[in-house]
Amino acid sequence: MLGLFSDAFDDPESYLHHQPSDAYLTRLLASDTFMAVAAFAADQMVGGLAGYVLPKFEQERSEFYIYDLAVAEEFRRRGIATALINTIRRIAQQRGIHVIYVQADYGDDPAVALYTKLGTREDVMHYDILPGA
């Protein structure tokens, strides 16, 4: 899946150059706060979605954040991304997750069209704040 994300986002530094250990991935996959689903055509992974369950403080409920979603270029526009999201929607409903949310970048028209088809848009500002003093 990391290779798929690296290709789709043209970011091998983030996805390939510092891959986690098997022990780390085993812990992550066993946790209640991470979910990943993949789509295959024959033996080839053609789509992937990874995200995080965020337990809330103000109420006894959780939200799910789609962190990465990608489909291999030659398999796009076939409903694979929608199927991945619908899989997460079913799992979220089974687990009592309140809402699923995702971020799209300005200019990423295919992502904006997909998310518009599936959900309600909220315009917000996003900031990255580095840890430390």
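Select R77 first: R77 sits in the loop that joins β3 (62–71) to α4 (80–95). Helices here are DSSP runs of H or I with at least four residues, strands are runs of E with at least two, and both are numbered from the N terminus. The model is predicted, so local features need pLDDT of at least 70 and side-chain atom pairs count only at pLDDT 80 or more, while totals for chains, interfaces and linings use all residues. Residues are numbered from 1 along each chain as its sequence is written, and side-chain values use heavy atoms, with hydrogens and water left out.

Stay on R77 and check the backbone: phi is positive, about 65°, although R77 is not a glycine. R77 counts as exposed because its relative accessibility is 86% (exposed is over 50% relative accessible area, buried under 20%, partly exposed in between, with a 1.4 Å probe and protein chains only).

Next, select D10, in the loop between α1 (2–9) and α2 (12–15). D10 is not a glycine, yet its phi is positive at about 50°. With a relative accessibility of 67%, D10 counts as exposed.

Then move to G48, in strand β2 (residues 44–55). Is G48 buried or exposed? G48 counts as buried, because its relative accessibility is 0%.

Show the contacts of G48, where contact means heavy atoms within 4.5 Å. Leaving aside residues up to four places away in sequence, G48 touches M1, L4, F5, V37, A38, D68, L69, A70 and L84.

Last, select T33 together with G48: the two are 15 residues apart in sequence, and their C-alpha atoms are 17 Å apart in space.
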